[in-house]
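Hi there,

I am passing on the structure we talked about, and my notes follow below it. Have a look when you get a moment.

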Amino acid sequence: MPSRPTLPRTPAEVVTGVRQLAEKVTARRVERDYRGWTAQEVVADRAHGDPMKPPVRRAGHDIVTRLNALAGSLPVEALVLGRAITDTAPPLGDPMSPALRDLLGKYVPESIDAYVASTRRGPHAPAQELLLTQFRLLFDVASHIERAENEHDERALVIQARFLRERFAEISRTNDLDVGATPPAPRRPVAPQSVPTRPAYEHGRSFLQPHRDPVVLIPRGTDRSATIRARLALPKGYAARIGAVTEQPSGATAFVTKNARRLFAARRNTGFEAAQTDLSLTIDLAREKRVLLYAYGFGRPVLPTTTFITASGGSQVELATTLLGRGPTPLTVIASGLVTPEGIVLRNEGTVWPDLRSACEAYDVRRISWRDAHTPFV
């Protein structure tokens, strides 16, 4: 007869058995699906995350995912406003007020739901105008909440929360999510407004990070050109590739890439323990609607570095960039850019992906034929 397993007989043996079981569960930890996370979120989760609990991510990440997935169809101002609203979320792991939690968790998603349902058969002006009206309201309220939180003004937070409840109770009665419904347009068409971004310094540098001051407006040069040059700083010997995907108003896409060349890359003596090399790319956005700037890292697991952006008008921007290197998410979307009449709205994205196709689809760049997940037909 097969022998029966020996059961623990003392409290000490029970504790030892539980500890051994916990060690086995931890050893069999299942890797999270990190696609779409920022590199900072991935690094923090790997260092301090509990595999038995839901991951800790910055508030509003679900809204960011939805906005990016609609980036090709949303009005530019709506996309900029939506991302600006999510920028008011507190840093990773910090507490959030109930007013801001309701705004990010309820009112912004309801506005997006209504827009998506109303445009399911194709975009139309009334839905876009209503979305702009609601996003402008929400951005204004989010700004007031952010100021009240910084000043620890509990009374102002209560006032803003009450205002949101009353205002959106009225809006919800008019937002019909039926596929065939058309939301009522404002009495007057919504006039375009300046995008809510600060301009890049004309003779200095702007510093952008994914979770803090992530967006800047690069004004057009005096010649109205829209060319930017990206330079990714790398330690000597680090294998990488930098590239850009551009999309025109018609939906036509184009790609440009450059690989690290150990022999011919310009070398510098600062920045890393090893000699620094530059991987540069020039992107002409004169006829484009938007751009995604990305990089593949093939070296050590995590590389904190910087991407330098120089515009034709003289503006300079530094983007804090992290390459995760070999692993399930070797591609980092460094930045996204929206071309507006005022200039280029440049945002430090910092999101990581398994391949270029996943990144393009997540940012709603879809009119592409692919040879494989990393290589488009051009």
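A word on residue classes before the notes: Ala, Val, Leu, Ile, Met, Phe, Trp, Tyr, Cys and Pro count as nonpolar, Asp, Glu, Lys and Arg as charged, and the others, Gly among them, as polar. Please also keep in mind that this is a predicted model.

With those classes, the lining of the largest cavity splits into eleven nonpolar, four polar and five charged residues. The volume of that cavity is about 220 Å³, and 20 residues line it, with Leu79, Ser336, Gly337, Leu338 and Glu349 the closest to its centre. At least two lining residues come from each of helix H4, strand E4 (240-247), strand E8 (290-297), strand E11 (331-340) and strand E12. In total, the structure has four cavities of 30 Å³ or more.

Next, the second largest pocket. Its space amounts to about 420 Å³. Of the 25 residues in its lining, Gly36, Thr38, His61, Val64 and Thr351 lie nearest the centre. Two or more lining residues are given by each of H3, H4 (76-86) and E12 (343-353). Here the classes come out as seven nonpolar, ten polar and eight charged residues.

Now to the helices, starting with H3 and H4. Their axes come within 10 Å and cross at roughly 170°. Because angles over 145 degrees count as roughly antiparallel, H3 is roughly antiparallel to H4. The crossing is left-handed. On the H3 side, Ile63, Val64, Leu67 and Asn68 take part in the contact, and they meet Leu79, Gly82, Arg83 and Thr86 of H4. By class, this contact has four nonpolar, three polar and one charged residues. Two of these names came up above: Val64 is among the residues nearest the centre of the second largest pocket, and Leu79 is among those closest to the centre of the largest cavity.

H3 (residues 61-69) also packs with H5 (residues 98-118): the two axes come within 10 Å and cross at roughly 20°. H3 and H5 are therefore roughly parallel to each other, and their crossing is left-handed. Ile63, Arg66 and Leu67 of H3 meet Leu104, Val108, Pro109, Ile112, Asp113 and Val116 of H5. This contact has seven nonpolar, no polar and two charged residues. Ile63 and Leu67 of H3 take part in the contact with H4 and in the one with H5.

Best wishes

How values were computed
Residues numbered from 1 in each chain as written. Predicted model: local features only at pLDDT ≥ 70, side-chain atom pairs only at ≥ 80, totals over all residues. Heavy atoms only, no water. Axes fitted to C-alpha atoms, helices over the stretch in contact; angles between N-to-C directions. Helix = DSSP H or I, 4+ residues; strand = E, 2+ residues; numbered from the N terminus. Parallel < 35°, antiparallel > 145°, perpendicular 65-115°, else oblique. Left-handed = near helix turned anticlockwise from the far one by under 90°. Contact = heavy atoms within 4.5 Å. 1 Å grid on protein atoms, 1.4 Å probe; cavity = no way out; pocket = protein on both sides within 12 Å on 5 of 7 lines; lining within 4 Å. Points joined across faces, edges and corners; volume = space filled by probe spheres on them.
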